[in-house]
Amino acid sequence: MATASIVGGSGYAGGELITHPLLFSGDELVLNYATSAAGSVRVELQDAAGQPIPGYTLAESPEIYGDEIEAAVDWQGGASVAALQGQP
């Protein structure tokens with residue numbers, strides 16, 4: 001399994017982390033994260049033009065809380081990202 005490491009953080013006001021386009025294989029996006037009691041993580045997948053991909057939008061991403069080393073990201077439609085393999 002190939003992994004990519006991206007480090008980000010923000011203060012109490014919140015923030016966002018945008019990566020360069022990534023190519024991947026597999027069927028899950030797995031994160032290592034730690035949030036404070038007041039913090040959370042939400043994930044949106046975008047196409048190469050920066051447009052949200054339906055089914056993987058921020059609005060469809062539940063807030064993630066806690067401290068996990070390997071947790072699959074889930075959206076309202078499920079966790080599988082297999083249909084996006086090989087697309088930047």
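This is a short tour of the model, one selection at a time.

**Before you click**

The model is predicted, so local features are described where pLDDT is at least 70 and side-chain atom pairs count at pLDDT 80 or more, while totals for chains, interfaces and linings use all residues. Residues are numbered from 1 along each chain as its sequence is written, and side-chain values use heavy atoms, with hydrogens and water left out.

**Stop 1: the whole protein**

Start by showing everything as a cartoon. The secondary structure comes to 0 helices and 2 strands; helices (H or I, at least four residues) and strands (E, at least two) are DSSP runs, numbered from the N terminus. Colour β1 (30–34) and β2 (67–72), and you will have the loop between them as a landmark.

Of the 88 residues, 17% count as buried. Buried means under 20% relative accessible area, exposed means over 50%, and partly exposed lies in between (1.4 Å probe, protein chains only).

How much of the contact at a separation of 6 or more comes from residues 24 or more positions apart? Such residues account for 57% of those contacts, where contact means heavy atoms within 4.5 Å.

**Stop 2: the core**

Select Val43, Leu45, Ile53, Tyr56, Val73, Trp75, Val81 and Leu84, and show their side chains. These 8 residues make up the largest nonpolar core. A nonpolar core is a set of buried Ala, Val, Leu, Ile, Met, Phe, Trp, Tyr and Cys residues joined through side-chain atoms within 4.5 Å.

Centre the view on Leu45. Not counting residues up to four places away in sequence, Leu45 touches Leu29, Gln51, Pro52, Ile53, Tyr56, Trp75, Val81 and Leu84.

**Stop 3: two rings**

Keep Tyr56 and Trp75 on screen. The structure holds 1 aromatic pair, and these two residues form it, edge-to-face, with 5.0 Å centre to centre and 80° between the planes. Rings of Phe, Tyr and Trp (its six-membered ring) pair if their centres lie within 6.5 Å; planes under 30 degrees apart count as stacked, over 60 as edge-to-face and the rest as tilted.

Tyr56 lies in the loop between β1 and β2 and Trp75 in the segment after β2, so the pair ties together parts that are 19 residues apart in sequence.

**Stop 4: along the loop**

Select Thr57, in the loop between β1 and β2. Thr57 is buried, with a relative accessible area of 17%. Its side chain makes a polar contact with the side chain of Glu60 at 2.7 Å. A polar contact is a pair of N or O atoms within 3.5 Å; within protein, one must be able to donate a hydrogen and the other to accept it, and residues adjacent in sequence count only if both atoms are side-chain atoms. Leaving aside neighbours within four places in sequence, Thr57 is in contact with Val43, Glu44, Pro52 and Trp75.

Next, pick Glu44, which sits in the loop between β1 and β2 and is partly exposed at 27%. What does the side chain of Glu44 reach? A polar contact of 2.8 Å joins it to the side chain of Gln46, and one of its polar atoms lies 3.0 Å from the backbone nitrogen of Leu58.

The side chain of Ser61 reaches the backbone nitrogen of Val43 at 2.9 Å.

**Stop 5: out to the surface**

Select Asp67 in strand β2, which is exposed at 61%. Leaving aside neighbours within four places in sequence, Asp67 is in contact with Tyr33 and Ala34.

Finish at Ala83, in the segment after β2 and exposed at 64%. The C-alpha atoms of Ala83 and Asp27 are separated by 7.9 Å, although the residues are 56 apart along the chain.
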